[in-house]
Amino acid sequence: MSDIGMDINWFPGHMTKAKRKIAEQISLVDAVAEILDARIPVSSSNPDIPELIGNKPHIVLLNKSDMADPKTTHEWIAHYKKKGITAIAVDSRNGNGTGEFKSAVISVLSDRLKKYEEKGMAGKKLRVMVVGIPNVGKSSFINRLAGKSKAKVENRPGVTRGNQWYAVDDRLELLDTPGVLWPKFDSKTVGEHLAITGAVTDRILDTELLAMRFIEILKAGYMPLISARYGIAELPEDSFDALCAIGKKRGMVIRGGEVDTLRAANMLLEEFRNCKLGRITLEGIDFSA
Ligand code: G4P
């Protein structure tokens with residue numbers, strides 16, 4: 001049986017380039033908004049971010065919260081709060097949390113705003129860099145807040161031409177991640193979680209093994225959802241047998257009564273990605289990659 005794994009040195013060139021660009025442009029912004037997938041806050045983060053943003057105010061956006069387990073999302077928000085980081089649950093598809101984000105920007109920049117006022121610069125624009133790995137919903141979030149209106153940057157000193165600046169209102173501007181910030185596949189589990197959510201393609205992974213990993217997570221915390229969806233009260237202990245049981249319930253049987261496990265695996269993962277199973281989080285606060 002082949003092991004699920006991926007080359008941890010994927011895209012090293014891109015990684016370096018994005019990191020360099022972020023480091024170059026961090027001085028242009030007042031704060032950083034880091035977008036994570038609320039279902040996999042650890043695996044969708046980039047471990048280099050804290051170092052790159054230094055002591056800039058940092059807001060974490062737990063996006064796709066509409067698909068995540070609300071209880072676990074609250075736990076994550078409390079977890080970040082303990083670390084002194086403002087975290088917000090966001091759903092960029094329908095705009096939930098975007099108002100809270102604007103308030104959070106004002107709040108984390110309150111000292112700076114006071115200084116601006118004292119200097120008679122009360123109207124100075126607030127600039128926030130939005131960082132995140134591909135597919136976490138950066139474009140959706142920015143489009144939600146700013147519409148398609150890209151701020152004009154041509155005549156702005158110190159700003160590199162071609163940067164992705166977006167005006168939210170006459171006070172707030174967003175800068176999209178300069179370059180592509182790839183996730184860091186520093187463990188097998190991180191790669192699996194990214195693939196289960198569809199953040200990276202699962203073509204390089206064994207789909208059945210991926211579905212079996214997912215089943216293990218479901219068995220640990222979401223059995224009622226499985227029962228409701230597939231009409232199975234208890235899944236077999238063995239994950240492969242469990243996958244077969246799910247496939248069988250869906251009539252995915254081939255010759256000789258054997259279950260088409262590849263079809264069953266694809267179906268299960270697709271149903272999760274389309275939120276058909278219910279709201280599921282793969283990584284709780286005790287998750288360590
Ligand atoms: P990116 O810029 O970070 O790469 O991500 P992008 O906004 O393109 O979003 C990636 C996918 O995630 C899109 O789905 C998008 O609709 C979806 N998405 C983003 N934010 C949310 C959210 O808060 N909730 C949910 N449920 N989905 C979200 P897609 O299938 O690739 O495209 P489409 O369905 O929008 O056509």
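Is Asp 30 buried or exposed? Asp 30 counts as buried because its relative accessibility is 6%; buried means under 20% relative accessible area, exposed over 50%, and partly exposed in between, with a 1.4 Å probe and protein chains only.

## About the model

Let's begin with the ground rules. This is a predicted model, in which local features need pLDDT of at least 70 and side-chain atom pairs count only at pLDDT 80 or more, while totals for chains, interfaces and linings use all residues. Residues are numbered from 1 along each chain as its sequence is written, and side-chain values use heavy atoms, with hydrogens and water left out.

Helices (H or I, at least four residues) and strands (E, at least two) are DSSP runs, numbered from the N terminus. Two strands are said to pair if DSSP finds at least two bridges between them.

Strand β2 spans residues 58-63, and six of its six residues are buried. His 58, Val 60 and Leu 62 point one way from the strand, Ile 59, Leu 61 and Asn 63 point the other way, and all are buried. In a regular strand the side chains alternate between the two faces of the sheet.

Strand β1 (residues 31-37) runs parallel to β2, joined to it by six bridges. Within this pairing, Ile 35 has Leu 61 as its bridge partner in β2. Strand β3 (residues 86-89) also runs parallel to β2, with four bridges between them, and here Val 60 stands opposite Ala 87.

Thr 86 lies in β3 and is partly exposed, with a relative accessible area of 29%. Its C-alpha atom is separated by 8.6 Å from that of Leu 61, 25 residues apart along the chain.

Strand β4 (residues 126-131) is mostly covered, as five of its six residues are buried. Four bridges join β4 to β1 in a parallel arrangement, and Ala 33 has Val 130 as its bridge partner in β4. Strand β4 also pairs with strand β6 (residues 172-176) in the parallel sense, over five bridges. Here Leu 126 stands opposite Leu 172 in β6, and Arg 127 has Glu 173 as its bridge partner.

Strand β6 is largely enclosed by the rest of the structure, because five of its five residues are buried. Leu 172, Leu 174 and Asp 176 lie on one side and Glu 173 and Leu 175 on the other, so both faces of β6 are covered. Strand β5 (residues 165-167) pairs with β6 in the antiparallel sense over three bridges, with Trp 165 opposite Leu 175. Together β5 and β6 form a hairpin with four residues between them.

## Salt bridges

Side chains of opposite charge can pair when their charged atoms come close. A salt bridge here is a side-chain nitrogen of Lys or Arg within 4 Å of a carboxyl oxygen of Asp or Glu, and a search of the whole structure finds 11 of them.

Now back to Asp 30, whose side chain meets that of Arg 112 in a salt bridge (3.0 Å, N to O). This pair links distant parts of the chain, 82 residues apart: Arg 112 is in helix α5 (residues 110-118), and Asp 30 is in the loop between α1 (12-25) and β1. Arg 112 counts as partly exposed because its relative accessibility is 32%.

Arg 39 and Asp 37 form another salt bridge (2.7 Å, N to O), and both residues are buried. In helix α3 (residues 70-82), Lys 71 and Glu 75 are four residues apart, so about one helical turn separates them; their side chains meet in a salt bridge (3.3 Å, N to O). Lys 71 counts as exposed at 58% relative accessibility, whereas Glu 75 counts as partly exposed at 31%. Elsewhere, Lys 19, Asp 48 and Lys 184 are linked in a network of salt bridges.

## A negative patch

Which residues gather in a patch of negative charge on the surface? They are Glu 234, Glu 237, Asp 238 and Asp 241. Patches are made of residues with over 30% relative accessible area and no salt bridge, like charges being joined within 9 Å and nonpolar side chains (Val, Leu, Ile, Met, Phe, Trp, Tyr) within 5 Å.

Asp 241 is found in helix α10 (residues 239-249) and counts as partly exposed, at 39% relative accessibility.

Definitions and conventions. Accessible areas come from the Shrake-Rupley method with a 1.4 Å probe; for residues, only the protein chains shown count as cover. Lys and Arg count as positive and Asp and Glu as negative; His and the chain ends are not counted. The place of a charge is taken as NZ of Lys, CZ of Arg, CG of Asp or CD of Glu.
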